[in-house]
Amino acid sequence: MEVTRASLRLTAAAAHKAVGAAVEKAIELGVAVNACVVDAGGNPLAFLRGDDAFLPSGKIARDKAYTAAGFNAATGAFYEALAGEPAVLAGITGQPGVAAFPGGLPIRADGELIGGIGVSGASAEEDEICARSGLQAIGLSEQ
């Protein structure tokens with residue numbers, strides 16, 4: 001029986017690069033967003049509020065990152081998967097820190113969950129585009 005195993009960890013430098021890239025993408029799109037990266041345990045590693053981004057969107061970005069890491073799934077896909085089960089969807093989304101709409105993506109390296117990125121402040125589609133840019137900036141993509 002295996003008692004321990006080696007695991008990958010997201011670095012603070014990569015987390016900062018990812019949130020920076022997400023906010024830069026938002027600027028390219030002409031929108032203002034907040035971006036947050038959490039580790040695999042949902043603990044914040046980096047946060048960046050873009051110029052003029054809505055203050056409440058900061059918490060939403062963190063919630064999206066936490067949800068993506070916690071469920072190891074894109075937050076938009078998470079919502080779609082539960083849309084047919086309204087009671088389950090209501091129960092899960094009623095929990096503190098859970099966000100089930102696009103803009104949150106799990107961060108994986110070599111197939112292992114190492115964190116999550118969440119972006120909020122623009123449309124759901126733009127938030128997700130910005131989150132993807134954050135992943136690409138650190139050499140990762142949705143796996």
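**Close-up 1. Packing of helix 3 against helix 4 in the predicted model.** The axes of helix 3 (residues 75-82) and helix 4 (residues 86-93) come within 8 Å and cross at roughly 140°. Helix 3 contributes Phe 78, Tyr 79 and Leu 82 to the contact, and helix 4 contributes Pro 86, Val 88, Leu 89 and Ile 92. Sorted by class, this contact comprises seven nonpolar residues, with no polar and no charged ones.

**Close-up 2. The salt bridge between Arg 5 and Glu 112.** The model holds five salt bridges. In the pair shown here, the closest N and O atoms of Arg 5 and Glu 112 are 3.9 Å apart. The two residues come from distant parts of the chain, 107 residues apart: Arg 5 is in the segment before helix 1 (12-29), and Glu 112 is in strand 4 (residues 112-120). Arg 5 has 61% relative accessibility and counts as exposed, whereas Glu 112, at 18%, counts as buried.

**Close-up 3. The salt bridge between Asp 127 and Lys 64.** The closest N and O atoms of this pair are 3.0 Å apart. Because Asp 127 lies in helix 5 (residues 124-137) and Lys 64 in helix 2, the pair ties together parts that are 63 residues apart in sequence. Both Asp 127 and Lys 64 are buried.

**Close-up 4. The salt bridge between Arg 132 and Glu 128 within helix 5.** The side chains of Arg 132 and Glu 128 meet at 2.9 Å, N to O. The two residues are four residues apart in helix 5, so about one helical turn separates them. Arg 132 is partly exposed, with a relative accessible area of 31%. Glu 128 has a relative accessible area of 14% and is buried.

**Close-up 5. Asp 63 in helix 2.** With 12% relative accessibility, Asp 63 counts as buried, since the cut-off for buried is under 20%. Apart from neighbours within four places in sequence, Asp 63 is in contact with Gly 97 and Ala 99.

**Close-up 6. Positive phi at Asp 52 and at Asn 72.** Most residues other than glycine have a negative phi. Asp 52 has a positive phi, near 70°, and is placed in the loop between strand 2 (44-49) and helix 2 (56-71). Its relative accessibility is 70%, so Asp 52 counts as exposed. Asn 72 also has a positive phi, near 50°, and is found in the loop between helix 2 and helix 3. The relative accessible area of Asn 72 is 35%, which makes this residue partly exposed.

Notes: Residues numbered from 1 in each chain as written. Predicted model: local features only at pLDDT ≥ 70, side-chain atom pairs only at ≥ 80, totals over all residues. Heavy atoms only, no water. Axes fitted to C-alpha atoms, helices over the stretch in contact; angles between N-to-C directions. Contact = heavy atoms within 4.5 Å. Nonpolar A, V, L, I, M, F, W, Y, C, P; charged D, E, K, R; others polar. Buried < 20%, exposed > 50% of the residue type's maximum accessible area, 1.4 Å probe, protein only. Salt bridge = Lys/Arg side-chain N within 4 Å of Asp/Glu carboxyl O.
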